[in-house]
Amino acid sequence: NLPIYKVSGEGIEKEKARLRQAIKISSQQLEDLKNDVFQRLGKPEAEIFVAQKMILEDQALQNQMFEAIETLKQNAEAAATYTLDDWESQLSKVDVEYIKERATDIGEIKRRLLDFLGNMNPSLQCAGESHCQRGKNRIIIAKELTPTLTLGLDTEHTLGFVTEHGGVTSHAAILARALGIPAITGIKGIH
């Protein structure tokens, strides 16, 4: 669960410093990921991570997150979540499918920042539900798969994936095609 706590005085500056560090390291991770994907799959697929890095490094977005720390007087995790959830919500309301699908990028940026801040581990988890099984020759059924989660799929044992969110131009679908993983996206109520 996301820890939310109040900060004041020099605590505000400490939270801003934590967020700056999370942004810096996340940006470097995206650069490394882009280079790796470029080598493994090619330039078009690597551009996905260029776009995410550009969003993360957007000064207006960063300023909004820092302002949220000041105005909400809350920790970096809370401020980043508040800001990025707002951006993701705004993008998902746009009536252009390509733009709507970029909301996934915002969600992945949030998970990446929170992961660095020590609050989330972006990985596929299968636990506690009767229909949830691990093993060979599996089909992943999820609400959404991000580009990083898609790259992390075990291509030897994953027969395909089905998601509620996404479409043929979603980054997960593009990467799945490049990896040779069959994908069905946009199935409402699947998860």
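This is a predicted model: local features need pLDDT of at least 70, side-chain atom pairs count only at pLDDT 80 or more; totals for chains, interfaces and linings use all residues.
**Rings, sheet and core**

Biologist: How do you know that arginine 102 lies over the face of tyrosine 98?

Modeller: Arginine 102 is 4.4 Å from the ring centre of tyrosine 98. A charge sits over a ring if NZ of Lys or CZ of Arg is within 6 Å of the ring centre and within 35 degrees of the ring normal.

Biologist: How many aromatic pairs does the structure hold?

Modeller: The structure holds 0 aromatic pairs. A pair would need ring centres of Phe, Tyr or Trp (its six-membered ring) within 6.5 Å, with planes under 30 degrees apart called stacked, over 60 edge-to-face and the rest tilted.

Biologist: Why is threonine 158 called buried?

Modeller: Threonine 158 has 6% relative accessibility. Buried means under 20% relative accessible area, exposed over 50% and partly exposed in between (1.4 Å probe, protein chains only), so 6% counts as buried. Threonine 158 is found in strand β2, where 5 of the 6 residues are buried. Leaving out residues up to four places away in sequence, threonine 158 touches Arg138, Ile140, Leu153 and Ile181 (contact means heavy atoms within 4.5 Å).

Biologist: What makes β1 and β2 paired strands?

Modeller: 5 bridges join β1 (residues 138–142) to β2, and the two run parallel. Two strands pair if DSSP finds at least two bridges between them, so 5 bridges meet the rule. Strands here are DSSP runs of E with at least two residues, helices are runs of H or I with at least four, and both are numbered from the N terminus. Isoleucine 139 has glycine 160 of β2 as its bridge partner, and arginine 138 has threonine 158. β2 also pairs with β3 (residues 183–184) over 2 bridges, in the parallel sense.

Biologist: Why do β1 and β3 stand at the edges?

Modeller: The open sheet has 3 strands in the order β1-β2-β3. β1 and β3 each have a single partner strand, so one side of each is left without a neighbour in the sheet.

Biologist: Why is valine 37 called buried?

Modeller: Valine 37 has a relative accessible area of 0%, so it counts as buried. Valine 37 lies in helix α1. Not counting residues up to four places away in sequence, its contacts include Phe49, Leu151 and Leu175.

Biologist: Which residues touch the most other members of the largest nonpolar core?

Modeller: They are Leu19, Phe49, Met65, Leu84, Leu113 and Phe161, out of 37 residues in this core. α1 gives the most to this core, with 7 residues. A nonpolar core is a set of buried Ala, Val, Leu, Ile, Met, Phe, Trp, Tyr and Cys residues joined through side-chain atoms within 4.5 Å. Leaving aside neighbours within four places in sequence, leucine 84 is in contact with Leu61, Met65, Ile106, Ile109, Lys110 and Leu113.

Conventions: Residues are numbered from 1 along each chain as its sequence is written. Side-chain values use heavy atoms; hydrogens and water are left out.
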